[in-house]
Amino acid sequence: MKIDGNEIRPGNVIEHKGGLWRATKIQHTQPGKGGAYLQVELKNLIDNTKLNERFRSSEKVERVRLEQRDFQYLFADDDTITFMDQETFDQITVPRELMGDDAVYLQDGMGVQIEFHEDKPLGVALPETVELDVTETEPVVKGQTATSSYKPATTDNGMRVMVPPFVNTGDRIVVTTADGAYKTRAES
């Protein structure tokens, strides 16, 4: 679908210079001389390179619609991750690089969304939060609870998270997948 260059919004996927790019940031600019334009920061969906481009309202760009399907995490090898389609029960194997550091959040049976363009997987979207078990943390130092200080903790997937002083080894916590930060204690 063709759109005007000034209609690009963050999150849109466009076809540009022979590749697929996701708009991450936009800024409308109106210089003193010449016409207004849209400064767009783009991220390549294939190789993760970044690009800054200017688009004028008179330019047309091809907006790409990605297909999103629900999958369930099955298992991971050294360099691949296997998921199962929730509707057809077909299995798909994707390279570990597609997820990057987010692969640490995967848990048995976890539901994820995978984005496809022409049946090629481009990205894996995790749930907003995951529950993890605290395997190791320091004991509370008396008097330290008066301030809002945090202490380091190690979770069952090997992550290090800063947690409040009342969290102990063996507790189950909720962590946000966007930044790996402690959110709350998990309800029993």
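**Labels and their cut-offs**

Tutor: Start with the hairpin of S13 and S14, which has four residues between the strands: Gly158 takes a positive phi near 90 degrees there. A word on ground rules: this is a predicted model, where local features need pLDDT of at least 70, side-chain atom pairs count only at pLDDT 80 or more, and totals for chains, interfaces and linings use all residues. Residues are numbered from 1 along each chain as its sequence is written, and side-chain values use heavy atoms, with hydrogens and water left out.

Student: What makes S13 and S14 a pair of strands?

Tutor: Strands are DSSP runs of E with at least two residues, helices are runs of H or I with at least four, and both are numbered from the N terminus. Two strands pair if DSSP finds at least two bridges between them. S13 (residues 151-155) and S14 are joined by four bridges, so they meet that cut-off, and they run antiparallel.

Student: What makes S9 an edge strand?

Tutor: Take the whole open sheet: five strands in the order S9-S8-S7-S10-S11, with antiparallel pairing. S9 and S11 (120-125) each pair on one side only, and that is what puts them at the edges. The twist averages 45 degrees from one strand to the next, with axes being lines fitted to C-alpha atoms (for helices over the stretch in contact) and angles running from 0 to 180 degrees between N-to-C directions.

Student: Why is Asp85 called buried?

Tutor: Buried means under 20% relative accessible area, exposed means over 50%, and partly exposed is in between (1.4 Å probe, protein chains only). Asp85 comes out at 5%, so it counts as buried. This residue lies in S8, a strand (residues 80-85) in which five of the six residues are buried. Leaving out residues up to four places away in sequence, Asp85 touches Arg69, Asp70, Phe71 and Asp90, where contact means heavy atoms within 4.5 Å.

Student: Is Glu41 buried or exposed?

Tutor: Buried: Glu41 has 18% relative accessibility, so it falls under the cut-off. Glu41 sits in strand S4 (residues 37-44), and its contacts beyond four places in sequence include Arg22, Lys25 and Lys50.

Student: Then why is Ile26 called partly exposed?

Tutor: Because its value is 28%, which lands in the in-between class. Ile26 is found in strand S3 (residues 19-29). Among its contacts, again beyond four places in sequence, are Ile8, Pro10 and Leu38. The C-alpha atoms of Ile26 and Asn6 are separated by 9.6 Å, with the two residues 20 apart along the chain.

Student: How many aromatic pairs turn up?

Tutor: Two, from a search of the whole structure. Rings of Phe, Tyr and Trp (its six-membered ring) pair if their centres lie within 6.5 Å; planes under 30 degrees apart are stacked, over 60 edge-to-face, and the rest tilted. For Phe71 and Phe116 the centres are 5.8 Å apart and the planes at 40 degrees, so the pair is tilted. Phe71 is in S7 and Phe116 in S10 (residues 111-117), 45 residues apart. Both count as buried, because each has a relative accessibility of 3%.

Student: What makes the pair of Tyr73 and Phe83 edge-to-face?

Tutor: Their planes stand at 65 degrees with centres 6.1 Å apart, so the pair is edge-to-face. Tyr73 in S7 and Phe83 in S8 are 10 residues apart, and both are buried.

Student: How do you know that Arg69 lies over the face of Phe116?

Tutor: The test wants NZ of Lys or CZ of Arg within 6 Å of the ring centre and within 35 degrees of the ring normal. Arg69 lies over the face at 4.0 Å from the ring centre.
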